[in-house]
Each structure stands twice: as structure tokens, then as C-alpha cells.
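Hi,

Here is the structure I promised to pass on. Have a look at it first, and then read my notes below.

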Amino acid sequence: MRIVLGVGGGIAAYKVASLLRLFTEAGHNVTVIPTEASTRFVGTATWEALSGNPVSNSVFDDVHQVNHVRLGHEADLVVVAPATADLLAKAATGQAGDLLTNTLLMAHGPVLFAPAMHTEMWQHAATRANVDTLRTRGAAVLEPATGRLTGADSGPGRLPEPEVIFEAAMALVEGQADYQLPLAGRTVTISAGGTREPLDPVRFLGNRSSGKQGVALAVAARNAGATVRLLAAHMEVPPPAGVEVVAVETALQLREAALAAAADSDVVIMSAAVADFRPAAVSDTKIKKRDDSADPIITLVRNPDILHELVELRNAVGPAGRYQLIVGFAAETGDSQGDVLAYAEAKLERKGCDLLVVNHVGSDKVFGQDTNSVVILSRSGSEPQEASGTKTEVSTAIISRISFELNHVSPRA
Ligand code: CTP
């Protein structure tokens, strides 16, 4: 098999010498393409000696052979290790400034990225988005290993061991591996829109939720490979293709649908605006105005907190059962008693969910004027993560974060 081995500019480049040995010892013909930066860590002489092939990173060497076209076309497999944040960004945006990035654009066969970087860089929304883009396009991006990093820090970001990359590469070529989609095989239930609480056959108490965020989340989860169930309360936008839709109207109907759906869901996202109260009585007939009667008084009763119930149900099953990630949404305002994050953290504790996506409403003090700016709080103790942009971009960041928590943080095997 002809393999192109791209080497990125990270300290882990030295480990790639072992990976190269594994490939050559298995009888494969490997052409190494180091980035300019990587040659500060490992020189081209090492790659030439170990691969037995000439090494270059310039599109201007051997121009008569049109190397950047030939190498990509001929390769049965392209492996990039270490895939640095910079290389992932370049690949995701289709840059073609050197021989490796040109080759990636010309590759016909499977492409495997083995990332290595500091944890913050790996978890940064920009890197998450780049990884999602690459996976959506069909590239395989391995999850980095967790452990000691170059400095004093530790966490996810270590280059997977050469044997792991080797096995993954072979499985990819044999069509046995599906690394592309981070939520493949997962079922995600998402509630969206606003509930309507009837007063009589023609009137209801409702709210202004459009359902756009929930629908954007459903699209992002679907694109990440999940089986998606959308519990749709009133929405101004149509549900997306490729997801199962369960239409509900009231908070009580949503509760029933959510508890039923939770039974086989890996993730439940409560993005619906659920009415906290409903009219105590629903009139069977239209409430009439009569000149001789007093103005009606509507008595409200409290609706169950669905999010909280979902958490209790999940906790009752316990860690031995199927672990489920539960995500809540909150619209918060700061006041003289506390700032938005303090209130949101208290709500995260109260609700007991794993992640809380906080929308700062009513002021532009903390998160700027972008109304699609959110902060994702986690009970796993990681730092609050900001995400902003269009609802699609924000949803992609939220789904990435959910994938990350599922794959790295949750106790589920
Ligand atoms: N939610 C729910 N059931 C309810 C009300 C809200 O599941 N009856 C969910 C929403 O879908 C959302 C989160 O809880 O995920 C929003 O909580 P919010 O309404 O902000 O919280 P409250 O507990 O109502 O807090 P507050 O005191 O701020 O109104």
C-alpha cells in the first residue's frame, strides 16, 4: 500500500518515527511529507533514512513530476501525525500553502488525522469546529490520548500511541472503522419551541420561542451521526429532514414525551421554552364575555420541571445503567445580587443537569451584543466555554461539547 505520512510541527513528531517503522515493517511504501515547522523537531534526514524515499515539503521540488498531484492521487492512505491545531485549521479551510496541504486536497483515499496539542487548544471552539468540518467531509480524526503533556499540564491532547494510530489506519483502509462521526450510534432527544397551555378551545398561554435553536441543534446532532428525535412544541420553523418528530403542545405532553424518549437516549437536550405555569382549569367551551359578569380571573398552577425530573430518573438508574448526558438551557440576567454566571451556576446545581447552555439576555454587558452568544457550563468542572455566532454555529459548538463530554468525561464505557 502507498501511504503518505504527513508530519505536523509538534513535539510529538519524534514519536512518528516509530509509526513510520510500523508502516514500513508491515511492507508499506511510505512517503513522508513533513511541514516546515516539524523539521525543527525531526529533520528530513530521519524521514529519508527510515522511509527509504526522498522527502520534501515544497511544491517546487521535482516540479516535472507535479508531486502535489501525484502523491495525493497515488496514496491509498494519508495519515497526518501529529495533527496540530494549525494543520487541522489549514485542512478544514482547504489551504494549500505547502506540499502536505496540497496533497490533502488531492487525496482520493482515506485520510486519518492523529491530533496532538495542549488540552485548551484541543477543546477550543475553533479546533472543535475544524474537527467537525473534517469529520463531516469524511476524514477520520482520532481522539487524542489523555495524560501528561509537554509542559506541566495534563489532559486530553497527547498523540495516540504509534500502535493505536497504526491499528486505526489499517482498520480505516479495511473499511472497519467509522471515526468520522462523533455521535454515530448515539440517540439524541431534543425538545424545541414553546409550549402552549390552553385556556379554552381557542385560547392559550404561550411564549415567544421560535424553535430555531432546537432545530439547529437537531441538524448539528444529525450531521454528527446521531439518531435524532425532536420533541417539537410550537415552532415557527419546519423540522429538519432526517429526524424523528414528536409533536407536542403542552408542558404535560412534553413531559410525557420526554420521559418516554429518555428511556433509550444517550443525550437529552431541553432547549424548549417550557411554561412554568398552566391554567388550573381548561374550559371545554369558549370563555364568553358577558356584560353582566365579572372579568375572569385565571388561576395558574405550576408545571412539573421536566429537566429536573429527567435528571432524577437518570440518577435513579445509576451509573451501572446506560449513562445519559442531560443538557439544559437557561436565559439569565444579572442584577445587583449577582452576575449571570453566578446565577447560572446556581441553576446548574439546582437542576442537576450535566451541561447548562446559558443565554445572557437583557443586557450587552458581559457577552457583547451578539444575541447568539452563549456560555456552556459543565458539572464536570471544566471551564465555562463561550460560543457565539449564528444559531447554526452555536449549535455546532454545543454538539461538539456534548460529543466531547460523552467521549471523555461521562462515566459511560
Ligand atoms: N424546563 C423544564 N421544565 C419546566 C421549565 C423549564 O424542563 N417546567 C427546562 C427548560 O427546557 C430549560 C431549563 O429548564 O432547559 C430552563 O430553566 P428555566 O426556565 O430558566 O428555569 P427555572 O427553573 O424556571 O428558573 P427561573 O427561576 O430562572 O425561572
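Start at the ligand and find Asp 276: an N or O atom in the side chain of Asp 276 sits 3.2 Å from an oxygen atom of the ligand. Keep in mind as you go that this is a predicted model. The protein buries 75% of the 590 Å² that the ligand exposes when taken alone.

For Met 270, a backbone N or O atom lies 2.7 Å from an oxygen atom of the ligand. For Ala 272, a polar backbone atom is 2.8 Å from an oxygen atom of the ligand.

Who else is around? There are 13 residues around the ligand, and Met 270, Ala 272, Leu 307, Phe 329 and Lys 347 come nearest. Sorted by class, that shell has seven nonpolar residues, five charged ones and one polar one. Helix 12 gives the largest share, with three residues.

You can find the pairing by eye at Thr 187, which stands opposite Thr 227 in strand 11. Strand 8 pairs with strand 13 (residues 267-270) too, again in the parallel sense, over four bridges. Here the spot to look for is Val 188, opposite Val 267 in strand 13.

Last stop: Val 394, which lies in helix 13 (residues 391-409). Is Val 394 buried or exposed? Val 394 counts as buried, because its relative accessibility is 1% and the cut-off for buried is under 20%. Leaving aside neighbours within four places in sequence, Val 394 is in contact with Gln 213, Asn 372, Val 374, Ala 387, Ser 388 and Gly 389. Take Asn 372 from that list: Asn 372 and Val 394 are 22 residues apart along the chain, yet their C-alpha atoms are separated by 7.1 Å.

Note on methods: Residues numbered from 1 in each chain as written. Predicted model: local features only at pLDDT ≥ 70, side-chain atom pairs only at ≥ 80, totals over all residues. Heavy atoms only, no water. Near = heavy atom within 4 Å. Polar contact = N/O pair within 3.5 Å; in protein donor to acceptor, adjacent residues only side chain to side chain. Areas by Shrake-Rupley, 256 points an atom, 1.4 Å probe, with all protein chains shown as cover. Helix = DSSP H or I, 4+ residues; strand = E, 2+ residues; numbered from the N terminus. Nonpolar A, V, L, I, M, F, W, Y, C, P; charged D, E, K, R; others polar. Buried < 20%, exposed > 50% of the residue type's maximum accessible area, 1.4 Å probe, protein only. Contact = heavy atoms within 4.5 Å. Pairing = 2+ DSSP bridges.
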